[in-house]
Amino acid sequence: MNRSPESFRLLPGAAASPVILHVPHSSRAIPASVRSGIVLDDPALERELDHITDSHTADIAAAAAAASAVTPWQFVNQLSRLVIDPERFPDEREEMLAAGMGAVYTRTTHREALRPDGFDGRPLLDRYFHPYAEAMTRAVEDRLAAVGRAVVIDVHSYPTQALPYELHGDGPRPPLCLGTDPFHTPPGLRAAAEKAFAGFGGTGLDSPFAGTYVPLRHYGRDRRVGALMVEIRRDVYMAEPGGAAGPGLDALAAALAQLVDSLDV
């Protein structure tokens, strides 16, 4: 099947920018055809969306792009991660399968049933996951062709208190967690992020969430593709869970713009 036109959006940036701000988990939208396969009633689903959605991260990315001297590109998931999670491996390599949260979730953040036993997620992968991955791959390859490099900055958030689904939730939970990859996160990229986000009470590395998003075609193969995951603890900028944004959003957007500008030189 072809993807729905609203599944994701690539927002063009400057032709000379290597940076792609990737926002995979900011939406709460679930198509009716997908909602019918979720066993939660409406109030329970709303509570789950409060916990699982990286609320307002698309706003942070958009404000950062507007404030950057050289406008970065933005790749934004328009659907909830409860449809598919584009950042998971689509096979047995994905460690979150152990929590029922592979590319297609079958369990909730509290390890309760989200979809019925035996649910076949392959149609969702075909309709949403694979077209998303292909489009993100094209976006990265376009940057490589245009400027000879690409830098994918993932914009995420995470709750102040660990949720039951987290496999590594017993580690530090700093205001800013920087997820890194030994192949795709060079020291200069990490240092630039630490400098840009120095004003929020501390940054940490790879706890409670580690790793980065790189298209599989380039993952572990092409050092021209840099990547960093920016995980923002939600109390820094919003009311938890799922509440309104506060003044921290503007400050975070300014810091992200500073990081973007440092990568465009």
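This is a predicted model: local features need pLDDT of at least 70, side-chain atom pairs count only at pLDDT 80 or more; totals for chains, interfaces and linings use all residues.
Isoleucine 153, setting aside its neighbours within four places in sequence, is in contact (heavy atoms within 4.5 Å) with Val19, Ile20, Leu21, His22, Leu189, Leu228, Val230, Leu256, Leu259 and Leu263. Residues are numbered from 1 along each chain as its sequence is written, and side-chain values use heavy atoms, with hydrogens and water left out.

Isoleucine 153 belongs to the largest nonpolar core, which has 31 residues. A nonpolar core here is a set of buried Ala, Val, Leu, Ile, Met, Phe, Trp, Tyr and Cys residues joined through side-chain atoms within 4.5 Å. Buried means under 20% relative accessible area, exposed means over 50%, and partly exposed lies in between, with a 1.4 Å probe and protein chains only. The members that touch the most others are Ile153, Phe197, Leu228, Val230, Leu252, Leu256 and Leu259. Two or more residues each come from β2 (19-23), α3 (57-67), β4, β5 (176-179), α5 (187-196), β7 and α6 (248-263). These elements are DSSP runs numbered from the N terminus: helices are H or I of at least four residues, and strands are E of at least two. The largest share, 8 residues, is that of α6. Apart from this core lies another, of 29 residues, among them Ala44, Ala103, Cys177 and Phe209.

I turn to aspartate 85, in the loop between β3 (73-77) and α4. Is aspartate 85 buried or exposed? Aspartate 85 counts as buried, because its relative accessibility is 0%. Its side chain makes a polar contact of 2.4 Å with the side chain of tyrosine 105. The term denotes a pair of N or O atoms within 3.5 Å; within protein, one must be able to donate a hydrogen and the other to accept it, and residues adjacent in sequence count only if both atoms are side-chain atoms. The aspartate 85 side chain also reaches the backbone nitrogen of glutamate 87, at 3.0 Å.

The largest pocket holds about 920 Å³. Its lining comprises 45 residues, and the closest to its centre are Glu87, Arg88, Glu94, Ala210 and Thr212. On a 1 Å grid over the protein atoms alone, a pocket is an open set of points with protein on both sides within 12 Å along at least five of seven lines, a cavity is a set where a 1.4 Å probe fits but cannot get out, and lining residues have an atom within 4 Å of a point. Points are joined across faces, edges and corners, and a volume is the space filled by probe spheres set on them. There is 1 cavity of 30 Å³ or more, and the largest cavity holds about 40 Å³. Its lining residues include Ser7, Phe8, Tyr128 and Tyr132.

Finally, the backbone. Most residues other than glycine have a negative phi, and most peptide bonds are trans. A cis peptide bond joins serine 207 and proline 208, with omega about 10°. Another cis bond joins glutamate 240 and proline 241, with omega about -15°. Aspartate 206, in the loop between β6 and β7, has a positive phi of about 60°. Histidine 56, in the loop between α2 and α3, has a positive phi near 70°.
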